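Thanks for coming. Please have the model open on your screens while I talk.

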Amino acid sequence: MSSNSVKPLSCRFIDSESDVLLELTNGTDQALKSVEILTVFLKDLDTPGGGPSQAHIRFDAITSIRPRENVVLSHKTWVNGKAADAGGDLLERLKIVTGEIKPYVLDISWEDLEGKTRFQRIPVGH
């Protein structure tokens, strides 16, 4: 795996009528293939001092993102080993709040045109 100083991906959170969505943007002039975000394990807010993660968010992999394209990722929130319903979605916790510490990262990997795996970290959350 390789990392370079170029940060080709950016993200933003979109508030829709019923939930929050994550949008990735490929800011390069090249297609990115096999784009994946590692599962994000959320801190336990109910246990004083924190505890083992009871919730995590999984994102679906994307086959490719064309140059300068935006894509909205599908995701699923899991709590205690069970898929949460729409009311239990926790993607809101990954939104960036100005002035707040960003306790999470989106660890993203993809394959470039030469077939090399690249990765990027984007700090998120509040």
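This is a predicted model: local features need pLDDT of at least 70, side-chain atom pairs count only at pLDDT 80 or more; totals for chains, interfaces and linings use all residues.

A general point to begin with. Strands of a sheet pair through backbone hydrogen bonds, and the pairing is either parallel or antiparallel.

Now the three-stranded sheet. In what order do its strands lie? The order is β1-β2-β7; the sheet is open and the pairing is antiparallel. At the edges stand β1, residues 9–15, and β7, residues 70–73. Each has a single partner strand, so one side of each is left without a neighbour in the sheet. On average, neighbouring strands here are turned by 30 degrees against each other, direction ignored.

Take the pair β1 and β2 next. Strand β2 covers residues 20–26, and seven antiparallel bridges link it to β1. The two strands form a hairpin, with four residues between them. If you want to find the pairing on screen, look for Asp15, which stands opposite Val20 in β2. Another place to look is Arg12, whose bridge partner in β2 is Glu23.

On to the pair β2 and β7, which is antiparallel with four bridges. Glu23 turns up again here: its bridge partner in β7 is Val72.

Is β2 largely enclosed or largely open? Six of its seven residues are buried, so β2 is largely enclosed by the rest of the structure.

Next, the four-stranded sheet. This one is also open and antiparallel, in the order β6-β3-β10-β11. Its edge strands are β6, residues 62–65, and β11, residues 117–124, and each pairs on one side only. Neighbouring strands in this sheet are turned by 35 degrees against each other on average, again ignoring direction.

Within this sheet, β3 spans residues 32–37 and β10 spans residues 104–111; three bridges join them, and they run antiparallel.

Last, the core. Which residues have the most contacts inside the largest nonpolar core? They are Phe59, Leu94, Leu106 and Ile108, in a core of 25 residues. Strand β10 gives the most to this core, with four residues.

Let me finish on Leu94. Leaving aside neighbours within four places in sequence, Leu94 is in contact with a list of residues including Phe13, Val40, Ile57, Phe59, Leu106 and Val124. That is where I will stop.

Technical notes
Residues are numbered from 1 along each chain as its sequence is written. Side-chain values use heavy atoms; hydrogens and water are left out. Two strands pair if DSSP finds at least two bridges between them. Axes are lines fitted to C-alpha atoms, for helices over the stretch in contact, and angles run from 0 to 180 degrees between N-to-C directions. A nonpolar core is a set of buried Ala, Val, Leu, Ile, Met, Phe, Trp, Tyr and Cys residues joined through side-chain atoms within 4.5 Å. Buried means under 20% relative accessible area, exposed over 50%, partly exposed in between (1.4 Å probe, protein chains only). Contact means heavy atoms within 4.5 Å.
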